[in-house]
Amino acid sequence: MKVKSGNQELFGSLLRFPKRDVFDCVPLHYLVLKISGMGCITPRAGVRNGTTMTTLFDIGLFVLNLILAVTMMVYGMFITQGHLHSPIMFIGLKMVNLTCYASTIYGLISCFINRHEIWKFYNEAYAIDGMLEALGERTDFNRSFAMFVAYYGATMGACVLVIAVMYYENLPWMLLLNLGYSYFSLSTFHILSLTCLDVVRARNVRLNKVFRKQFSLQGDIVDASALTVYDPKQTLMLRQIMQIFDKISDLADKGSFYYGIQIMVSIAGSFVFLLFYTFAFTLVIRSVLPAQSVLNAGPIISYLLFAYNVFMVAFYGNALKQQLGHRSPMITCGLFPFDWTLIFSLRAD
């Protein structure tokens, strides 16, 4: 018997308002995953049960995006760019190209291998939302959906602006495609990883609100180990809160598993650009390089985008460390956490 797809059920909720749960907000995010090749899956009917399948169309999208990423990386590494007058910017562009496309290729393969598990991330968020609602804290899904649309539009708009600036600099069309696809890939990674971080952070914030309200506590950070509870109802409430917190911590662990290495590689690409651009800027100040090699709209906007990428990951990662109690969920690549220490280590380097 043919397995029925859940696409009609999923996309039927795309324009439905008000948004009732996380799966009413997922369709647009699912489309971003699908177009970028990072979500080559198809949900089965009954999208809230967390099961998925892989169609021939999904496999074709994965292969197409993988071939495109490999082709762009080879082109960027072995084709010279005659428009660059600065050797340091030439080396920097090669390094950025390598790290951006290494991130893309790794992300494509990793997401394809774990494609059925990625959907379960939102299924578990859906379960947590139900538990929070039972405690009187309902998520504003209309606001979440609007924020995702606005953030995605702003990020992709910034990419289009950079590409437009490069277009008017009369770059070769193949180089323009190479740079455009690398910016699109890095921005897609940024949006997907930030969405993952926000899903975890937002639910933890709401759980903290429940905790403070139920126990009449003030402040953002609460030491649960020092809390004294005498009322049996409060004991039961505290047990429920800690169960939810464990699930949120598990959700953070899953986010680290799915996106930790990808975030690290995309941050590496951002940092490489920031490093070489800053070094080239110091050479301009010392009159070693001509000012036009770095002081034009394209590199400046790129610098701001890459710096913002690193800053936002550190901000969200650090927010996850301000927690309720016995566990400290964090997003990490396994080598170091993504929080303010990331910024400090970059400055130290």
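This is a predicted model: local features need pLDDT of at least 70, side-chain atom pairs count only at pLDDT 80 or more; totals for chains, interfaces and linings use all residues.
**Stop one: helix α6.** Select residues 141-167, which form helix α6. Now zoom in on the start of the helix, where a side-chain oxygen of D140 comes to within 3.4 Å of the backbone nitrogen of N142.

**Stop two: the buried residues of α6.** Colour F141, F145, F148, T155, M156, A158, C159, V162, V165 and M166, the buried residues of this helix. An α-helix has 3.6 residues a turn, so residues three or four places apart point the same way. What covers the buried residues of α6? Show α2 (26-36), α5 (115-134), α7 (173-214) and α9 (297-319), which are included in that cover.

**Stop three: the largest pocket.** Its volume is about 610 Å³. Select S144, M147, F148, T195 and D198, which are the closest to the pocket's centre among its 27 lining residues. Helices α2, α6, α7 and α9 each supply at least two residues of this lining, and α7 gives the most, with eleven. By type, the lining has 16 nonpolar, four polar and seven charged residues.

**Stop four: the largest cavity.** The whole structure holds three cavities of 30 Å³ or more, and the largest has a volume of about 50 Å³. To see its lining, select V26, H29, Y30, L33, I41, I118, W119 and Y122. Two or more of these residues come from each of α2 and α5, with α2 giving the largest share, four residues. Seven lining residues are nonpolar, one is polar and none is charged.

Conventions
Residues are numbered from 1 along each chain as its sequence is written. Side-chain values use heavy atoms; hydrogens and water are left out. The expected span of a helix is 1.5 Å times one less than its number of residues. Buried means under 20% relative accessible area, exposed over 50%, partly exposed in between (1.4 Å probe, protein chains only). Contact means heavy atoms within 4.5 Å. A polar contact is a pair of N or O atoms within 3.5 Å; within protein, one must be able to donate a hydrogen and the other to accept it, and residues adjacent in sequence count only if both atoms are side-chain atoms. On a 1 Å grid over the protein atoms alone, a cavity is a set of points where a 1.4 Å probe fits but cannot get out, and a pocket is an open set with protein on both sides within 12 Å along at least five of seven lines; lining residues have an atom within 4 Å of a point. Grid points are joined across faces, edges and corners, and a volume is the space filled by probe spheres set on the points. Ala, Val, Leu, Ile, Met, Phe, Trp, Tyr, Cys and Pro count as nonpolar, Asp, Glu, Lys and Arg as charged, and the others, Gly among them, as polar.
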